[in-house]
Amino acid sequence: SIWRRAPPPSGLPRARRARRAMAARLPNLLADPEAPAGPDGQQVPSKAKSFSNNSSMSEVSDGNAAPEPAEDGAAAERTWKTFVNENREVVVLPLSLLILVFFLCVQLDETRPQASKGAAVLVITAMWWFTEVVPLTITSLLPLVLYPLLGVVKVKVLATKFFRSTSFLFVAGFFIGLAVERWGLHTRVVCGVVGHAGKRIELLVGGFMLSVWMLSMWISNSATIMCMLPMAQGFLSTLPPGHERFQSAFLLAIGYSATIGGIATPVGTPTNGIFMEQFVAFWPGEGEFSFAKFFLCAFPLSFLLLIVVWLGFCIVFVWRSSAEIPVDQEVFASIRRELGKVSFEQIVVGIDGLLLIAFWFTASKIDAFPGWKTYVAPDLDSSSIGLFLTLPLFLLPCGAQLPKPLQRIIGEDRCLSSGPRGQQPRRILDWQQVKNNFQWEILFVFGGGAVIAHGTVVSGLAAWAA
């Protein structure tokens, strides 16, 4: 009988074995329950469902046979991609060796013999960063091995470049950001701005974008978005069906606002710190690129981009929309009620943050104003100022640790000191929280970038490329 087939060899691909097993079961699936049994005891397919017709049988045969080579090829391709993805070092390490040999054999510039070695280190490190054959933090240490190995720069010189003042500027920024996140100050800021936006949808969207934009200048974009999501989801849940495109675009606009705000200050995003490092490395005679100077250069662009995104959103999804989008302010009012009164910790972190911003902006010379550090300590820079105002957060007690008379003066309902997940911390900041939430890898990536920049200049690669 054509329906009886020998079991497939175990070496066949799984997909082919599955198709053959299905073909073997087709007579039973298609058989008519009332059809008489054949001589071998099995039911015979009825005429309506039988595949005895040659054309039908050829269709089934062709349908099973034709896709097999393509499917087998796709499966092999998936297997190869999986192997390469899980064993990237098998590809990256030999390729790195080939790149190293190539640049050692090729002279980019006869007047700069070290330029080829600098190019080898640059390309290999970039490839390791791009492929993530090892974590980014580990790849950042690779130039500390390759430059001394090739005789370009001594490691004791590179070690002084790995951690620069900009690295500690971000340490200070992370400290104040962690304090803001720990005590929920960012949620209160967003809720305060959005809650006063009124019932016009354009103003509500603008309030969301403005508050996220301002916060992302000082704390990480991910933390800013996470604090905003409960309010955004609460608002979006009140919209009637039919506004799905608006909902998707609204979340995208919030994300863009966080990214745009991050470019306005040196601590807003890590790439700004890399720029400041490169400025000092390539133009050491230009003096300090101060916090205020960076802000004055980047803020107009950031604000303009925010306006463009807001206008684009309103034109496409609000003003040209035929359906009116309702705004329920009760959502934000209920969130404000849940937040309760401003806590003692939020007051402390808010004052500390405002003082830090004011000190950063007024430390260096601005036109005729010489800057306050000229009279206090000329060697201060933005990183030391940031640490000066954030390190006390590790000493200041929480509201619940204050003496009872002082709690009554401040307000006992402001001194409950309830941290995330019901924690009862003793200080505004503590090492356990910093250790668990600090983005240590960014410091290593900064250091690796600074080492690469120094090696590129010393080897002559930068001059050759210019």
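Mentor: Let's start with a term: a helix here is a DSSP run of H or I with at least four residues, and a strand a run of E with at least two, both numbered from the N terminus. This is a predicted model, in which local features need pLDDT of at least 70 and side-chain atom pairs count only at pLDDT 80 or more, while totals for chains, interfaces and linings use all residues. Residues are numbered from 1 along each chain as its sequence is written, and side-chain values use heavy atoms, leaving out hydrogens and water.

Trainee: Happy with that! What follows helix α16?

Mentor: Gly-340 does, and its phi is positive, near 75 degrees.

Trainee: Why is Cys-297 called exposed, and why is Cys-398 called buried?

Mentor: Exposed means over 50% relative accessible area, buried under 20%, and partly exposed in between, using a 1.4 Å probe and protein chains only. Cys-297 has 54%, so it is exposed; Cys-398 has 0%, so it is buried.

Trainee: How many disulfides are there?

Mentor: The count is zero, where a disulfide is a pair of cysteine sulfur atoms within 2.5 Å.

Trainee: What makes Ser-167 buried, and what does it touch?

Mentor: Its relative accessible area is 3%, so Ser-167 counts as buried. This serine sits in helix α9 (residues 165-182). Leaving aside residues up to four places away in sequence, Ser-167 touches Phe-162, Glu-277, Leu-443 and Phe-446, a contact being heavy atoms within 4.5 Å.

Trainee: Why is α9 called roughly antiparallel to α14?

Mentor: The axes of α9 and helix α14 (residues 270-282) come within 9 Å and cross at roughly 155 degrees. That is why α9 is roughly antiparallel to α14: the label needs an angle over 145 degrees, whereas under 35 is roughly parallel, 65 to 115 roughly perpendicular and the rest oblique. Ser-165, Thr-166, Ser-167 and Phe-170 of α9 meet Pro-270, Gly-273, Met-276 and Glu-277 of α14. By class, this contact has three nonpolar, four polar and one charged residues.

Trainee: Which residues of α12 and α16 meet, and what are their classes?

Mentor: From α12 come Met-231, Gly-234 and Phe-235, which meet Val-331, Phe-332 and Ile-335 of α16. Five are nonpolar, one is polar and none is charged, where Ala, Val, Leu, Ile, Met, Phe, Trp, Tyr, Cys and Pro are nonpolar, Asp, Glu, Lys and Arg charged, and the others, Gly among them, polar.

Trainee: What covers the buried residues of α16?

Mentor: Those residues are Val-331, Phe-332, Ala-333 and Ile-335, and their cover includes α10 (185-195), α11 (201-215) and α12 (221-236).

Definitions and conventions: Axes are lines fitted to C-alpha atoms, for helices over the stretch in contact, and angles run from 0 to 180 degrees between N-to-C directions.
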